[in-house]
Amino acid sequence: MTEPTIRPTSSAARPPDPGDAFWDALNTTERAALRAVARPRRYAPRTPLCYQGDDSDHIIIIESGWTKVTSASEDGREVVLAVRGPGDLVCESAVLGRRERSATVTALTPLRALVVPAARFTGFLDAHPGVWRLVSGTFVRRLDDASRRLQAHVSAHGARRLAILLSDLADLSARHGARDAGGGVPIGPPLSQEELGSWMDASRETVARALGTLRAEGLVRTGRRKIVVMDRAGLREFTRPPADAFTL
């Protein structure tokens, strides 16, 4: 699988796209200033970048690779909350002034990143006040995404709920140029069926049945820890509730 990386941009200022990751929205001057206060680091798969409950003393910007964001439930289960990829800001509790991390972030693939101490990052933001808007926009977008997925969990079940999740992941993966020889979009983050089930609050068996349904519809192709979306438009159509569905 080709390792996704952050996209280069010209030195000319440009308005950020709402779909841009944090790093993608910075200009060349801002990137250079941030690199100057950061420490480059590599992480092997399954290595935690930060732990839930730890002190918030640094932030991390992903340069290449994928991570998962998880939280421990009351019964000790690991619940997947999100995935983050190239250009994303993670372990961001430090920016909010929180004393403890609210989640654990773990590398799913080999990862290259920039680690920035909290004080240096806030100093960078003070020197580049326009970047505060990008940071706050990142937080707002993540809250909106979480709210939208919660609504989907309430209103959808089984294959449709998985289709909503895979459609979002396909859009994210396509943004980083992922395509296979057959024209499909490989899902970048290599999530297991257990991890997908945790994310959509379903059992592994439910995920397996839902994947079978989507395969039968010709919407996806699957392998070991690999899902390729073959028909993005068809998958989006599948996510829509049936016309006779009851709505409030």
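What covers the buried residues of helix 6 includes helix 4, helix 5, strand 10 (220–223), strand 11 (226–229) and helix 7. Helices (H or I, at least four residues) and strands (E, at least two) are DSSP runs that are numbered from the N terminus. The structure is a predicted model, in which local features need pLDDT of at least 70 and side-chain atom pairs count only at pLDDT 80 or more, whereas totals for chains, interfaces and linings use all residues. Residues are numbered from 1 along each chain as its sequence is written, and side-chain values use heavy atoms, with hydrogens and water left out.

The buried residues of helix 6 are Thr206, Val207, Ala210, Leu211 and Leu214. These residues cover an arc of only 135° around the axis, so they are placed on the same side of helix 6; the arc is that of the directions from the helix axis to the C-beta atoms. The face of helix 6 that is turned away from this buried side carries the exposed residues Arg209 and Ala216. The end C-alpha atoms of helix 6 are 18 Å apart, which agrees with the 18 Å that its 13 residues should span at 1.5 Å a residue, the expected span being 1.5 Å times one less than the number of residues. Just after helix 6, glycine 218 takes a positive phi of about 75°.

In the protein as a whole there are 7 helices and 11 strands, and 47% of its 248 residues count as buried. A contact is defined by heavy atoms within 4.5 Å, and among contacts between residues at least 6 apart in sequence, 69% join residues at least 24 apart. The accessible surface of the protein, computed by the Shrake-Rupley method with a 1.4 Å probe, comes to about 12900 Å², of which 52% belongs to carbon and sulfur atoms.

Salt bridges, each being a side-chain nitrogen of Lys or Arg within 4 Å of a carboxyl oxygen of Asp or Glu, come to a count of 11. One of them joins glutamate 63 and arginine 112, whose closest N and O atoms are 3.6 Å apart. This pair links distant parts of the chain, since glutamate 63 belongs to strand 3 (residues 58–64) and arginine 112 to strand 8 (residues 111–117), 49 residues apart. Glutamate 63 is buried, with a relative accessible area of 6%, whereas arginine 112 is partly exposed, with a relative accessible area of 26%.

A further salt bridge is found between the side chains of arginine 236 and aspartate 171 (3.8 Å, N to O). Here, too, distant parts of the chain are linked, with arginine 236 in helix 7 (residues 232–239) and aspartate 171 in helix 4 (residues 158–175), 65 residues apart. Arginine 236 counts as partly exposed at 37% relative accessibility, and aspartate 171 counts as partly exposed at 26%.

The side chains of glutamate 194 and arginine 204 also meet in a salt bridge (3.1 Å, N to O). Because glutamate 194 lies in helix 5 (residues 193–199) and arginine 204 in helix 6 (residues 204–216), the pair ties together parts that are 10 residues apart in sequence. Glutamate 194 is partly exposed, with a relative accessible area of 47%, and arginine 204 is partly exposed, with a relative accessible area of 40%. Salt bridges that share partners join Arg35, Glu63 and Arg112 into one network.

The structure also holds 2 aromatic pairs. Rings of Phe, Tyr and Trp (its six-membered ring) pair if their centres lie within 6.5 Å, and planes under 30 degrees apart count as stacked, over 60 as edge-to-face and the rest as tilted. The rings of phenylalanine 121 and phenylalanine 124 have their centres 6.0 Å apart and their planes at 35°, so this pair is tilted. Phenylalanine 121 and phenylalanine 124 are 3 residues apart in helix 2 (residues 118–127), and therefore are separated by about one helical turn. Both phenylalanine 121 and phenylalanine 124 are buried, and ring pairs link Phe22, Phe121 and Phe124 into a cluster.

Terms used:
Buried < 20%, exposed > 50% of the residue type's maximum accessible area, 1.4 Å probe, protein only.
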